[in-house]
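The structure comes first, and the points follow by topic.

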Amino acid sequence: MAKDDKRKGISLGIRLFVLIIILSTVPLVLSSFYLTSRAETQDIENTVQRSREQAMILANQLQASGYISAPNDQSVSFMLSQVADIWDARIQVMDADCRIINDSYNVDKGRYNVSEQVMSCLSAKSVVTYADREEMMSIIAYPMVRAEGTERTVEGIVLVTKDLSDAVGGILYVRERMPLYLLVVLGTLVLVSLLSIFFLMRPLRKLVQSVDAAADGSLRGSVNVRNYKETARISDAVNRTIGRLRMLDESRQEFISDVAHELKTPITSVRVLAESLLSMGEVPNELYREFMEDITKEIDRESHIIDDLLSMVRLDRGVSALHVSNININDWLQQTLKRLMPIAQAAGVELAYESFRPVMADVDEAKMTQAITNLVENAIKYNREGGWVRVSLNADLKYFYIKVADSGCGIPEEAQEHIFERFFRVDKDRARATGGTGLGLSITKSIINMHNGAIKVHSSTEEGSTFVVRIPLVYTEEDAGEEQG
Ligand code: ADP
């Protein structure tokens, strides 16, 4: 069972589950990481920009107050330490020689700051911005520039150093807790998707159960799961298949009962004849001969039925493959009709043949002979004394056509669609009297189908019947069986 299941593949439910989880988790995780990283960058950029603006204001003020030339101004020093507190930053002020004249941390005053940022600010005479995400620190070096004509000199530098940890504190908080959030979201997703799949798959489970039940129940049940368009279509398709199988089963049963009946009829006649002969005691020789002739006729009939049955079964099972060869259809048809001439003469029916053009085509000669013989024999059998049967041959670029027309009793309109069915006979008594089995046309049609051809009948009870057979001139195996009538 387990092995069987494996061969059947992975369940649709599992596939759906994996798909939902992947499709929802991957974008969720990626977007979370992207958004937090974007927010962090934005926060840092904003803070750096603000520090830059603050450094600019401070530099302008210090330059205006002449602090560089009078660095002992206590009120300015006080203001600097206050501003540094409010900004939560370290502020250093340097003169043009890079000597620190004020440090809000009060540690480096009097020393020289020759850091990279200070040096490049000094040489470029413009603001230098530096932000380090690893160290979580930003440095702004803002020059106090004095312009005299075209001459620009740097009087001093304001250096604002700021710790960025606070700026990205919110984001760091979110990032720290993100695995937990994701875990909760994932858990909810798993639960919701399992529930949804369970409910979504319910109609499919029902469908499988109904199909199983219908298959086990000897084709009696039907499938009706209409929750989804798809399940409704599958139900309809399964019902159509079950219907077709049921019809096949019924027609098989009907066929068996027909065969049994047909085979029994001659045997019953033989038995009745033999019994009545026996019960008569001493019988004259002529009567005895007459009875024996009748018995022989019934035995012939039985053997005829069995022959027809055997060829039909062989054709049905495809046991007798076609042995196609390119032959002269005119010659072959003439030969076939020549063999049938004595039967026509015995029935007092004129048999005529007309050909409109020479035809070469791919056919199985033996099988086509059987098919055309059946048609011509019928045209003779179901004819009247002094009547006629006209067989003609014509062709176009693709097909050749054989027409078998007769002046017989015709086929009633309502029977015409059934004459190609097995054991169908319009008038059972007449057919039996003429040795008909009801299998001839069914065999003919099978043979014509095997040649990818078609057969049509036009008939009226006043004018007789015309059967038209159309066969492709060139036989192609791929088409075999596609064109059915
Ligand atoms: P059967 O062996 O009884 O002739 P077929 O299958 O050959 O069986 O024909 C089926 C039935 O179709 C016949 O019993 C007959 O009633 C009718 N039929 C066939 N061919 C003709 C025809 N040319 N004229 C009138 N009826 C025909």
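Histidine 458 has threonine 466 of β12 as its opposite residue. The strands β11 and β12 are antiparallel and are joined by seven bridges. The model discussed here is predicted.

**Sheet with β11 and β12**

- Five strands make up this open sheet, ordered β7-β9-β10-β12-β11, and their pairing is mixed.
- At the edges stand β7 (350–355) and β11 (454–460), each of which pairs on one side only.
- From one strand to the next, the twist averages 15°.
- Helix α10 lies across β7, β9 (388–395), β10 (399–406), β11 and β12, and runs at about 25° to β10.

**Ligand site**

- The ligand has 21 residues around it, and those that come nearest are Asn378, Tyr382, Asp406, Thr437 and Leu441.
- Aspartate 406 places a polar side-chain atom 2.9 Å from a nitrogen atom of the ligand.
- Serine 465 has a side-chain N or O atom 3.4 Å from a nitrogen atom of the ligand.
- The protein buries 97% of the 530 Å² that the ligand exposes when taken alone.
- Two or more residues of the shell around the ligand come from each of α10 (365–381), α13 (440–450) and β12 (464–472).
- With three residues, α10 gives the most to this shell.
- By type, the shell around the ligand holds eleven nonpolar, seven polar and three charged residues.

**Antiparallel sheet**

- A further open sheet has five strands in the order β2-β1-β5-β4-β3, with antiparallel pairing.
- Its edge strands, β2 (100–103) and β3 (128–132), each pair on one side only.
- The twist in this sheet averages 15° from one strand to the next.
- Strands β4 (residues 137–148) and β5 (residues 151–163) run antiparallel and are joined by twelve bridges.
- Isoleucine 157 in β5 stands opposite proline 143.

**Helices on the antiparallel sheet**

- Helix α2 (residues 12–65) packs on this sheet and touches β1 (89–95), β3, β4 and β5.
- The direction of α2 makes about 35° with that of β4.
- Helix α3 (residues 74–87) lies across β1, β2 and β5, and runs at about 145° to β1.

Methods:
Residues numbered from 1 in each chain as written. Predicted model: local features only at pLDDT ≥ 70, side-chain atom pairs only at ≥ 80, totals over all residues. Heavy atoms only, no water. Near = heavy atom within 4 Å. Polar contact = N/O pair within 3.5 Å; in protein donor to acceptor, adjacent residues only side chain to side chain. Areas by Shrake-Rupley, 256 points an atom, 1.4 Å probe, with all protein chains shown as cover. Helix = DSSP H or I, 4+ residues; strand = E, 2+ residues; numbered from the N terminus. Nonpolar A, V, L, I, M, F, W, Y, C, P; charged D, E, K, R; others polar. Pairing = 2+ DSSP bridges. Axes fitted to C-alpha atoms, helices over the stretch in contact; angles between N-to-C directions. Contact = heavy atoms within 4.5 Å.
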